[in-house]
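My entries follow in the order in which I looked.

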Amino acid sequence: MTDQRPLLEVTDLVKHYAVRGGVLRRRVGTVHAVDGVSFSVARGETLGLVGESGCGKSTVARSVLRLVEPSSGAIKLNGTDITGLSKAEMRPHRRSMQIVFQDPFASLNPRMTAGDIVGEPLSVHGLATGRAQQERVAELFAQVGLRPDQMKNYPHQFSGGQRQRICIARALSLGPSLIVCDEPVSALDVSIQAQVINLLIDLQRKNDFSYLFIAHDLAVVAHISHRVAVMYLGRIVEIADKTELFANPRHPYTQALLASVPVADPKAKRLAPMVDGDVPSPINPPSGCAFHTRCRYVMDRCKVERPALVEAGEGHQVACWLNDGTGRPE
Amino acid sequence: MTTINFESELRRAGAHSTHGWRRLVFLAQRYLLGTVGLVIMVLFVWMAISADLIARYDPLSVDSAQRLAAPSAAHWMGTDSFGRDVWSRIIHGARISLAVGIGATALGSTIGVIVGLVSGYLSGWVDLLFQRITDILQALPLLVLALVMTAALGPSLPNVIIAIAIPLIPTVARVIRANTLALRELPFVEAAKSIGMSETRIALRHVLPNTLAPLIVLATAQLGSTILTEASLSFLGLGIPEPYPSWGRMLSESAAEYVRVAPWLVIFPGVAISLAVFGTNLFGDALRDILDPRQSG
Amino acid sequence: GEPKQGGILRVYHRDSPGSASIHEGATYSINVPFMPVFNNLVMFKQDVAQNSVESIVPDLAESWAWSSDNKKLTFKLRQGVKWHDGKPFTSADVKCTFDMLMGKSQQKFRQNPRKSWYDQVNEVTVNGDFEASFELKRPQPALLSLLASGYTPVYPCHVSPAEMRTKPVGTGPFKFVEFKANESIKLTKNPDYFKKGLPHLDGIEFTIIPNRSTAILGFVSGKFDMTFPTEVSIPLLKDVKAQAPNAVCVVEPVNVSTNIIVNSSSPPFDNIDIRRALALALDRKAFISILFEGQADIGGTMLPAPGGLWAMPKEMLESIPGYGPDINANREEARKLMQKAGYGPDKHLSVKVSTRNIPVYRDPAVILIDQMKNIYIDGELDVVDTAQWFPKVARKDYTLGLNLTGNAVDDPDQSFYENYSCGSERNYTNYCNKEIEKLFDQQSAETDKEKRKKLVWEIDKKLQEDVARPIIFHARQGSCWHPYVKGITIMVNSSYNGYRYEDVWMDK
Amino acid sequence: MFAYIVRRLALMLVTLIGISIIIFVLLRVVPGNIVDILFDAAGFVDPTDKANLEKELGLNLPIYQQYLNWIGGLLHGDLGYSYVSEKPALQEILPRIPITARLAALALLFSASIGIPLGVLSAVHQGSRLDYALRVVSLSGLSLPSFWLGLLILMASVSLFGSMPIYNPNPKTWTEALAIYAVPAMAVGFRSAALTMRITRSSMLEILRQDYIRTARAKGASEASVNYRHALKNAILPVITVIGIEAAFLIGGLIVTETVFNIPGVARFLVEALRWRDYPIVQNLVMLIAVVVVVANFTVDMLYAAIDPRIRYGD
Amino acid sequence: MSEARKDDTILEVKNLQTVFFTNSGLFRAVDNVSFSVRRGETLAIVGESGCGKSVTALSVMRLVPDPPGRVVGGTVTLEGTDLLSLEEAEMRQIRGNRISMIFQEPMTSLNPVMRIGDQITEVLRLHQEMTSKEAWTKAVEMLRLVRIPEPDRRAQEYPHQLSGGMRQRAMIAMALACRPALLIADEPTTALDVTIQAQILALIVDLQKRLGTGLILITHDLGVVAQTAQRVIVMYAGKKVEEATVEDLFENPKHPYTRGLMASMPAVISFGAKTDARLNEIPGMVPSLTNLPPGCAFAPRCRLAIDRCRAEYPPLQEVDVNHLAACWRATELVGAP
Ligand SMILES: Nc1ncnc2c1ncn2[C@@H]1O[C@H](COP(=O)(O)OP(=O)(O)OP(=O)(O)O)[C@@H](O)[C@H]1O
Ligand SMILES: Nc1ncnc2c1ncn2[C@@H]1O[C@H](COP(=O)(O)OP(=O)(O)OP(=O)(O)O)[C@@H](O)[C@H]1O
Ligand SMILES: [Mg+2]
Ligand SMILES: [Mg+2]
């Protein structure tokens with residue numbers, strides 16, 4: 001995997017949203033939604049992205065697809081920098097990456113049939129029309145485990161899990177090599193969640209595509225990803241191979257996160273919150289290391305200097321001043 | 001605990017009628033007032049369409065021998081001071097009043113939708129400009145605008161329609177803009193973007209259809225008020241001119257001289273106006289309830 | 001009994017007059033409230049209902065005399081009369097007034113609608129402070145009647161026309177107090193009025209109520225002592241009588257004719273046959289029964305009898321095409337004429353009937369259109385905004401127009417010259433017939449009244465036969481007041497001359 | 001907040017300038033001007049007189065010049081002269097403002113004090129007979145042409161009391177003073193009361209479905225407390241908006257009502273001035289109305305902010 | 001249930017039945033559910049979305065929206081009083097006082113136009129004789145108790161000025177202000193982040209211990225259950241399908257649905273698991289509550305289903321000590337899934 005040229009390479013991605021105010025709607029503040037994020041996803045690899053609400057996960061996802069324009073940074077898809085492309089130039093690249101959103105219901109136009117929804121990308125790109133399109137859609141339906149006769153049904157006639165399957169079918173229709181999944185299972189019932197995750201795994205196995213998989217549920221991320229990146233307030237604070245990360249969390253935030261997940265075992269130790277307080281506002285992120293306000297190991301240096309994401313061994317990168325910038329091994 | 005009749009409760013909730021015809025029958029019973037409104041509207045539309053068939057006389061034909069005849073078998077609603085048959089005039093008046101109502105609403109809504117959609121979809125200076133225009137139209141009171149417009153354009157049927165339609169634009173534009181803004185943020189619009197769909201196509205195919213429900217509700221409410229506006233314009237001498245028998249003019253002109261001498265000249269057009277407005281509003285209310293997903297249950 | 005003194009007469013006014021200057025207006029909306037402010041040289045006796053030369057009495061002039069050649073009319077003026085602002089009234093004021101009306105002075109009216117009344121006046125001269133003479137180009141006995149009209153008050157020299165439009169100053173029985181547009185006009189008693197003992201009232205208050213229903217309700221409920229004169233329609237009159245049974249109501253002719261202006265300068269009405277057919281198609285009785293429940297009059301240009309002084313005898317009138325009593329026969333003839341002109345049951349003639357968007361104009365037009373159907377003419381109503389009516393008519397941008405013509409004085413000079421003489425601004429149809437023109441002058445100069453009458457009848461008949469401006473009817477209107485109001489006389493052959501109100505009083 | 005207000009004021013100014021241009025151009029596009037009308041009354045037109053008069057009134061100037069003259073005057077508080085009465089426009093307009101203002105205020109008061117409580121009642125008893133009755137009544141309020149309602153009131157009062165509440169500049173008694181304003185205000189206010197009631201109702205229904213209403217019930221709060229203390233304060237927000245928008249519609253209603261009740265207020269004056277093409281009056285009146293509407297909208301926004309703590313404009 | 005237990009039983013729900021009359025039919029949202037809660041005990045209710053957890057709680061509070069909902073059967077006894085037969089006014093005395101409830105959505109469950117302090121004060125003044133000043137002091141004290149920093153200032157603020165976690169704390173403060181005998185927490189942390197969830201859960205459990213309140217914790221997260229509850233009931237399609245102590249349930253789940261749930265949850269630390277390992281999934285979808293099959297509602301998705309399951313609803317039986325399950329084949333299922 002490592003020797004492969006990455007499919008997606010994101011370098012120093014920054015997305016600032018202007019907070020406007022004042023007489024002339026001038027910018028009075030900036031939401032540092034994503035503040036210098038770099039990562040790469042190899043072909044056939046799943047990169048998990050976790051972090052608390054509002055830390056910028058969705059913004060990363062949207063920027064990668066150029067649904068929002070990044071403020072700076074480069075996004076390379078298959079080696080091509082797509083950040084500066086015009087809408088027209090972007091179109092062929094759109095076929096290589098697709099997105100699946102959290103809320104399957106809101107992701108489907110309530111006034112279109114499932115078949116039309118899945119077929120729409122084909123007609124937009126002029127890949128198939130009429131019968132050919134019908135057949136292709138039927139195929140896609142079968143692939144995601146829906147019956148082709150359901151093509152003429154409307155979204156509200158499907159259950160949550162089925163709707164998410166429609167979304168996945170739509171994403172598959174263009175034959176992408178990268179699928180960005182923005183919390184694809186958070187809105188689903190517990191017993192359905194596993195079905196969708198299995199489907200994603202199966203599809204990947206068959207088609208060898210890559211996922212950028214976003215979730216706040218660590219268990220899910222842990223299950224599906226090869227590598228995991230942990231975000232906090234617009235930055236990646238730790239990124240490592242999954243096994244390595246869970247065995248050896250180095251950033252205090254990652255540790256807190258892991259400790260906060262309730263273990264489904266009554267005999268395991270009781271919940272003990274590792275961190276106090278709330279996530280700070282991304283409009284005025286704390287100086288230095290953004291986590292220092294909640295970190296139990298905080299040092300003076302953390303308050304003034306922002307730690308860079310550095311190699312802490314074996315593809316394990318962390319941004320923490322502890323232990324000479326390698327974080328605190330558990 | 002009182003015993004509960006499950007069957008009747010369920011029937012009341014419409015459980016047995018979820019599809020097609022039975023659902024319609026259920027909705028008709030559930031929203032009785034709305035059904036009444038719909039019936040009234042359909043009746044008036046039918047009257048307007050088949051006016052030539054159901055009118056018993058030429059609505060413009062003057063007959064000095066039949067002046068101010070009280071309602072009778074020959075003249076169901078009596079005759080006016082020109083000896084014209086009121087029933088025939090009311091029926092033909094339905095054409096005019098509905099033409100004004102539907103015409104103005106359709107015109108105002110169409111422009112409003114375009115303005116709202118463009119403004120909501122293309123934020124930036126276009127939005128800013130369109131919003132100022134709607135602001136301006138909104139700050140000019142409806143009747144004042146209509147007055148100036150009819151004075152400017154002359155009181156003909158198309159002109160009255162235009163004059164009444166213009167003030168409707170800002171309201172529609174605002175509603176559509178707000179909806180568009182909300183819809184723009186929805187994942188299915190983003191999904192459309194992510195497959196490389198053009199903005200125009202997204203606007204027309206994904207955004208517009210989803211603004212239809214609020215639009216329909218708004219339009220039915222406006223239908224009624226346009227009919228009233230026409231009546232007010234008529235009262236101020238700026239409505240649809242003779243010879244077209246608009247209800248508003250029939251009422252406002254007779255009201256002055258014949259309310260006591262020939263009350264039918266006042267009652268019937270008055271009832272026609274009120275019924276039409278009442279009907280559209282009743283229907284609009286029910287429609288809003290039906291189209292509002294949160295009202296289910 | 002003896003007139004009682006005091007009290008304020010409350011009258012509603014039908015609309016807000018544009019200004020207070022009688023000379024600049026052409027509607028009795030100005031005459032009614034402002035005539036009490038002024039005096040004329042002479043006036044029609046206010047308690048005689050029919051205006052005529054015989055009913056003319058002195059006003060500011062104590063006496064008058066015609067020169068022997070009938071070309072000079074000299075007035076002896078009353079002395080010691082004061083304008084409401086205290087300045088004395090002299091012959092200079094008379095000269096000023098008429099010079100201005102003739103367009104001869106520096107001061108100009110904004111508009112001067114009755115300039116043509118003085119076409120025969122060469123000059124107004126004064127002899128001392130209290131004598132003024134009108135020197136004429138040719139004899140015109142009718143001049144005296146014109147001077148007696150409510151339209152001919154004497155204005156003060158020392159007040160500009162602009163001021164007269166907003167704060168009129170006169171010599172009359174009532175002084176102007178205030179004029180609030182769309183609200184009210186208030187007059188108060190002139191204690192220094194030169195007619196001793198007059199006026200009886202303390203003042204007059206006009207409340208402007210354009211909405212008829214509201215106005216009538218106001219009268220019925222006693223908020224007003226009197227309706228606006230000749231403003232109550234026949235149907236409303238019933239309503240008033242039903243609600244206020246004691247009210248005194250009269251219905252009188254207003255000397256306003258409803259007529260059709262025919263554009264004879266372009267097709268199709270350049271064809272005399274089609275014009276005749278139009279005249280033959282009219283069922284005047286139907287108009288009258290629909291619009292006035294029978295209470296209006298049929299006649300030619302001049303107001304019909306008994307109100308009118310110059311009306312043709314009945315037989316003569318009925319000999320005019322279209323005036324005959326057999327409507328069906330008339331229309332049969334009309335259809336023949338139409339067929340001759342190339343129209344018929346299969347080929348209708350489409351015309352627009354233009355008129356103002358006011359019921360008194362619109363309603364007859366509706367009936368006219370209906371009646372024209374009988375002779376293969378499909379009329380379409382074209383209502384025109386008041387502001388555009390005259391420009392449109394002046395441009396000859398119409399085919400048929402439905403028009404109202406008010407006659408301030410029941411005198412042929414006034415109506416013939418104004419409406420039918422070649423080149424007159426008010427001759428909207430541009431009807432021009434040199435022969436008739438001569439007859440106009442002939443009757444005007446004729447001092448023998450009976451001879452003049454015959455001439456007038458002949459002219460009138462000829463005008464109708466030429467279908468210059470078919471007269472449909474002469475309207476009548478109602479006026480009501482509560483019984484305690486005394487001394488009101490509604491004129492029967494004019495609606496511009498009877499509002500001095502100096503001898504009105506209230507028995508309360 | 002301050003910045004927000006400044007921004008709003010700036011936008012208001014833009015709106016007002018836009019309106020001034022629109023009304024100005026519109027009026028001059030309308031065929032016929034005061035001169036035509038004056039000559040219409042005279043029955044004929046003398047072209048030189050007409051030209052003179054147009055010059056006197058400044059109607060011969062290029063349109064932008066006329067506009068600048070007007071705006072320039074406005075900035076100095078000079079509204080020009082009425083063409084008809086030849087008095088300063090300000091002098092004509094000013095005395096009419098309090099009349100209409102009183103009427104409008106009473107109408108709004110009426111509409112709020114009737115509409116809101118009934119709307120709450122109707123929402124709380126949703127589906128009951130009372131609800132149906134109130135809804136039908138409110139709908140009839142929206143279905144009745146206002147001039148017709150006004151005339152009916154006048155006719156009824158003449159038949160019943162032999163007198164009627166039309167305007168009188170010097171009311172003799174306190175009750176008369178109230179009647180001449182209150183009755184027409186009711187005639188106008190009926191419509192907006194009906195509208196207010198409907199908005200209140202639907203807004204209340206919406207709010208009553210909210211989670212925090214359930215929270216209030218879970219606390220053991222009484223129905224009255226739930227409906228009035230918790231729900232109404234939230235539900236009132238859209239109602240305020242509607243009342244603000246109604247301010248604009250009210251002017252339309254006032255035109256008709258002032259005509260029927262013969263009230264010499266601003267609204268009827270506007271129609272009359274329009275008929276006479278009395279540009280200085282029409283322009284300035286439209287601007288006055290626009291200012292009122294714009295200020296009303298602004299006030300509504302401020303009220304909104306005052307009631308709803310979530311809205312803090314500009315931060 | 002033994003005599004000894006009965007003494008400290010706060011809530012006893014028996015055969016509760018709540019239905020919704022909707023246009024798509026009769027929803028038996030809660031069907032014959034019984035359970036009890038003892039003083040100081042935490043009872044967890046788990047199950048998927050729509051299985052009737054919230055409706056159960058609302059039925060106890062008598063807050064089921066009517067129409068369309070109605071409690072049609074069963075009894076709810078709180079400290080010896082049958083709640084379902086109380087007058088509405090009497091019930092109001094109990095709500096917020098003896099039973100309190102915390103809702104799922106801290107964002108929307110607070111009145112946006114009232115200050116936090118006022119909202120807490122309100123419940124105090126409703127149920128306790130207090131001047132407004134005393135109530136305010138108490139409210140601030142409650143905020144301090146739920147560990148809201150600067151409680152004096154926060155009390156003056158409006159909900160939108162607080163973060164999600166703080167709002168949920170405020171809700172807890174409000175719910176516990178009158179020291180109720182029973183607290184129902186309906187998915188109190190679903191809308192919150194994991195780190196915040198841990199804080200809130202720890203807080204609730206801590207306060208519950210200190211005040212001796214009975215707690216019903218509704219959740220769909222088995223992890224949360226494992227960490228907080230003493231006893232668990234599992235609901236599926238409106239019915240209680242299993243009840244056991246928390247240890248028993250995790251060690252020895254007796255209902256196939258419970259087993260399926262446990263198996264389909266990815267373990268957090270899947271060190272050894274191969275990344276592309278599939279999860280155990282429960283096939284099919286959650287049934288609609290209207291057209292339930294005649295037999296066991298879970299049968300269509302159950303691998304073990306036999307004909308009997310499809311024909312006959314299995315009664316809830318004691319399959320082990322203090323362990324109830326509604327499955328014909330419960331006894332065959334032994335050990336962890
Ligand atoms: N269009 C926008 N304008 C301004 N701020 C925005 C916009 N979109 C997102 N933000 C802000 O950017 C930050 C990151 O948002 P983002 O949606 O990427 O977070 P997230 O990690 O996906 O959160 P969640 O888990 O809640 O989905 C948030 O503080 C959000 O408020
Ligand atoms: N107001 C209502 N109208 C109609 N049906 C309702 C209503 N409230 C609940 N239901 C039905 O009752 C059933 C149980 O709902 P409930 O809210 O108790 O589920 P839940 O277990 O709390 O789910 P979640 O985990 O999503 O909160 C659902 O199937 C739902 O459809
Ligand atoms: Mg997100
Ligand atoms: Mg729930």
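**Basis.** I am working from a predicted model, in which local features need pLDDT of at least 70 and side-chain atom pairs count only at pLDDT 80 or more, while totals for chains, interfaces and linings use all residues. Residues are numbered from 1 along each chain as its sequence is written, chains are lettered from A and ligands numbered from 1 in the order in which they are written, and side-chain values use heavy atoms, with hydrogens and water left out.

**Which chains touch.** I took contact to mean heavy atoms within 4.5 Å. Eight pairs of chains touch, and the most contacts are between chains A and E. Chains A and C do not touch, their nearest C-alpha atoms being 44 Å apart. Chains C and E do not touch either, with 49 Å between their nearest C-alpha atoms.

**Chain A with chain E.** I found 51 residues of chain A in contact with 49 residues of chain E. The buried area is about 4,000 Å², and carbon and sulfur atoms give 59% of that; buried area is the accessible area (1.4 Å probe) that two parts lose on being put together, summed over both. How many salt bridges are there between chain A and chain E? The count is zero, where a salt bridge is a side-chain nitrogen of Lys or Arg within 4 Å of a carboxyl oxygen of Asp or Glu. The rule does find 11 residue pairs in polar contact across this interface, both residues at pLDDT 80 or more. A polar contact is a pair of N or O atoms within 3.5 Å; within protein, one must be able to donate a hydrogen and the other to accept it, and residues adjacent in sequence count only if both atoms are side-chain atoms.

On the side of chain A that touches chain E, α6 (190-207), α7 (218-224), α8 (242-247) and α9 (252-260) of chain A give two or more residues. The largest share, 10 residues, comes from α6(A). Helices (H or I, at least four residues) and strands (E, at least two) are DSSP runs, numbered from the N terminus.

For chain E I also noted a UniProt feature from an unreviewed entry, "domain: ABC transporter", at residues 11-262. Over residues 11-262, chain E is 39% helix and 28% strand, and the end C-alpha atoms lie 28 Å apart.

**Chain B with chain D.** This contact takes 40 residues from chain B and 47 from chain D. The two chains bury about 3,800 Å² between them, 74% of it on carbon and sulfur atoms. B:Ile136, B:Val148 and B:Phe235 lose the most area on the chain B side, together 14% of what that side buries. I counted one salt bridge here; B:Asp285 and D:Arg198 form it, at 2.8 Å from N to O.

**D:Arg201.** Is D:Arg201 buried or exposed? D:Arg201 counts as buried because its relative accessibility is 7%; buried means under 20% relative accessible area, exposed over 50%, partly exposed in between (1.4 Å probe, protein chains only). D:Arg201 sits in helix α9 (residues 174-208) of chain D. Not counting residues up to four places away in sequence, D:Arg201 touches D:Gly119, D:Ser122, D:Ala123, D:Gln126, D:Asp131 and D:Arg135.

D:Asp131 and D:Arg135 meet in a salt bridge of 3.8 Å, N to O, and both are buried. They are four residues apart in helix α7 (residues 129-143) of chain D, so about one helical turn separates them.

**Helix α6 of chain C.** In α6 (residues 234-243), the buried residues are C:Ile234, C:Pro235, C:Leu236, C:Leu237, C:Asp239 and C:Val240. They pack against α13 of chain B, and against α5 (212-220), β11 (248-262), α8 (284-292) and β15 (471-481) of chain C.

**Salt bridges in chain E.** In one of them, E:Glu88 meets E:Arg62 at 3.5 Å, N to O. This pair links distant parts of the chain, 26 residues apart: E:Glu88 is in helix α3 (residues 88-94), and E:Arg62 is in the loop between α2 (53-61) and β4 (69-78) of chain E. E:Glu88 is partly exposed at 33% relative accessibility, and E:Arg62 is partly exposed at 21%. A network of salt bridges links E:Arg38, E:Glu41, E:Arg231, E:Lys240 and E:Glu243.

Methods. UniProt positions are given in the numbering used here, feature names are shortened, and annotations may be inferred rather than shown by experiment.
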